[in-house]
Amino acid sequence: MSDANERIKETVAGSDVVLFMKGTKSMPQCGFSSRVAGVLNFMGVEYTDVNVLADEELRQGIKDYSDWPTIPQLYVKGEFVGGCDIITEMTLSGELDTMFDDNAVAYNKDAADKIREANA
């Protein structure tokens, strides 16, 4: 697992926003990954997507790395943020906007507001 752990550390450290997901940002392979990628894509966030389905060692390794049992997993500036339910809640409450603002991550504020309006 040390190889997977090192790759995960390098990936998380190498990008401001990283989403470990099933599939890719352009072709998610599960509903939960699709939801988180959809939020990030709609908000115009630049992020690195890592397809855990392409590498079984990485798929288990990310769960061990974060001590979180499910995928997708979102990282912002090296910090584990959460999975689908947490990202959904943070988006709807505005906490995700605040986290992006606090970490100088560019995103489309109007798009974030539209998500909240659509789910009000």
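The structure is a predicted model. The chain contains 6 helices and 4 strands, and read from the N terminus its elements follow the order α-β-α-β-α-β-β-α-α-α. Its radius of gyration is 14 Å, close to the 14 Å that the globule rule gives for 120 residues, so the chain is as compact as a globular protein of that length.

**Overall dimensions and packing**

- The C-alpha trace spans about 45 × 25 × 25 Å along its principal axes.
- Of the 120 residues in the chain, 41% are buried.
- When contacts between residues at least 6 apart in sequence are considered, 61% of them join residues at least 24 apart.

**Surface and charge**

- The chain exposes about 6,300 Å², and 47% of this area is supplied by carbon and sulfur atoms.

**Aromatic residues**

- A search of the whole structure finds 5 aromatic pairs.
- One of them joins Y65 and Y75 in a tilted arrangement, with 6.1 Å from centre to centre and 55° between the planes.
- This pair links distant parts of the chain, since Y65 belongs to helix α3 (residues 56-66) and Y75 to strand β3 (residues 73-76), 10 residues apart.

**The loop between α3 and β3**

- D67 is located in the loop between α3 and β3.
- The phi angle of D67 is near 60°, a positive value in a residue other than glycine.
- With a relative accessibility of 70%, D67 counts as exposed, because the limit for that class is over 50%.
- P72 also has its place in the loop between α3 and β3.
- The peptide bond leading from I71 to P72 is cis, and its omega is near 20°.

**The loop between β3 and β4**

- K77 is found in the loop that lies between β3 and β4 (79-82).
- K77 is not a glycine, yet its phi is positive, at about 50°.
- The relative accessibility of K77 is 41%, so this residue counts as partly exposed.

Methods: Residues numbered from 1 in each chain as written. Predicted model: local features only at pLDDT ≥ 70, side-chain atom pairs only at ≥ 80, totals over all residues. Heavy atoms only, no water. Helix = DSSP H or I, 4+ residues; strand = E, 2+ residues; numbered from the N terminus. Rg over C-alpha atoms; globule rule 2.2 N^0.38 Å. Buried < 20%, exposed > 50% of the residue type's maximum accessible area, 1.4 Å probe, protein only. Contact = heavy atoms within 4.5 Å. Areas by Shrake-Rupley, 256 points an atom, 1.4 Å probe, with all protein chains shown as cover. Phe/Tyr/Trp six-rings, centres within 6.5 Å; stacked < 30°, edge-to-face > 60°.
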